Amino acid sequence: KLEQIAGGPPTENREPLGNPPTSFRVAATSPTRKLVLAVYEDELRIYETSTGRCMRTIKHSCGLYPSAAWSPTGRLFACTEEGDAVRVWKADTGELVGLFASHSESITGVVFTRDEQHVLSTSRDETIRWGTIGQNEQQSPSEILFRSDGDRICAFAVSSDERWILSASFRKDSTPDMSSADLLASPSRQPIDDDDNDYCALRLHDATTGHVVWIEHHPCEITSVAFSEDCTR
């Protein structure tokens with residue numbers, strides 16, 4: 001199936017896709033596992049996993065390192081856009097229902113809330129933002145949930161109970177800010193710079209307020225983070 005989506009030879013007993021577009025970027029599987037969102041340089045495609053058949057094509061310029069996500073029920077999907085924006089579509093019709101363009105640098109992650117009413121996004125512009133999904137393609141503002149002072153966010157995750165946010169970041173030429181009064185414990189590691197003079201760290205946030213409650217230093221840039229299913233790890 002993955003070979004079909006990426007443009008390789010069709011798997012045995014699967015329907016060939018014809019000529020898929022070039023410059024494949026990233027893929028995301030729907031919560032039901034029945035559909036795959038495949039992101040290419042200039043378009044999105046929705047594939048049926050059981051047959052490999054392309055269900056829908058949407059013109060979209062995603063940039064070099066896009067992020068894509070499905071909502072918890074699979075009713076909606078989102079993808080970042082070249083120009084530091086997030087777009088949200090309905091999966092059944094392809095209708096655009098959200099456009100958020102408040103970040104000033106490349107977006108590094110997108111997550112839906114459980115109620116599918118909001119989208120959270122992180123960026124190298126040092127912020128975590130959230131926006132409310134509307135019913136049209138008019139641009140909507142996204143509000144700042146957390147802003148760091150010099151720490152460029154490169155990955156994040158939201159716990160399934162929506163109590164916590166975990167973010168990974170790096171900071172040039174100086175150690176992370178440790179002045180937050182909300183910290184519950186001190187880091188177990190000392191700060192260390194990598195080969196590029198970056199200081200990397202993990203932060204645990206209260207998802208309601210964005211406040212940082214825990215920081216841990218890390219020796220290199222982190223590109224992916226996740227919570228356990230029971231939200232304890």
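Before anything else I noted how elements are named: helices (H or I, at least four residues) and strands (E, at least two) are DSSP runs, numbered from the N terminus. Residues are numbered from 1 along each chain as its sequence is written, and side-chain values use heavy atoms, with hydrogens and water left out. The model is predicted, so I keep in mind that local features need pLDDT of at least 70 and side-chain atom pairs count only at pLDDT 80 or more, while totals for chains, interfaces and linings use all residues.

**Entry: a loop residue**

I looked up Ala185 and found it in the loop between β14 (164-172) and β15 (198-206). Is Ala185 buried, exposed or partly exposed? Its relative accessibility is 39%, and therefore Ala185 counts as partly exposed, since buried means under 20% relative accessible area, exposed over 50%, and partly exposed in between (1.4 Å probe, protein chains only). I also checked Glu216, which is 31 residues from Ala185 along the chain, and the C-alpha atoms of the two are separated by 9.6 Å.

**Entry: the open sheet**

I then followed an open sheet of 4 strands, which has the order β1-β2-β3-β4 and antiparallel pairing; two strands pair if DSSP finds at least two bridges between them. The edge strands, each pairing on one side only, are β1 (24-29) and β4 (54-59). From one strand to the next the twist averages 20°, where axes are lines fitted to C-alpha atoms (for helices over the stretch in contact) and angles run from 0 to 180 degrees between N-to-C directions.

Strand β2 (residues 35-40) is joined to β3 by 5 bridges, and a hairpin leads from β2 to β3 through 2 residues. Which residue of β3 is the bridge partner of Val36? I found that it is Tyr47.

On the other pairing, 5 bridges join β3 (residues 43-48) to β4. Glu43 has Lys59 in β4 as its bridge partner, and Ile46 stands opposite Arg56 in β4. The hairpin of β3 and β4 has 5 residues between the strands, and there Gly52 takes a positive phi near 80°. I noted too that β3 is mostly covered, with 5 of its 6 residues buried.

**Entry: the two pockets**

For this I needed the rule that, on a 1 Å grid over the protein atoms alone, a pocket is an open set of points with protein on both sides within 12 Å along at least five of seven lines, and lining residues have an atom within 4 Å of a point.

The largest pocket has a volume of about 980 Å³, a volume being the space filled by probe spheres set on the grid points. Its lining has 44 residues, of which Thr108, Gly109, Val110, Val111 and Phe156 lie nearest the centre. The largest share of this lining, 6 residues, comes from β9.

The second largest pocket has a volume of about 200 Å³, and among the residues lining it I listed Val111, His118, Trp130 and Glu162. Both β9 and β10 (118-123) supply at least two residues each to the lining of this second largest pocket.

Conventions: On a 1 Å grid over the protein atoms alone, a cavity is a set of points where a 1.4 Å probe fits but cannot get out, and a pocket is an open set with protein on both sides within 12 Å along at least five of seven lines; lining residues have an atom within 4 Å of a point.
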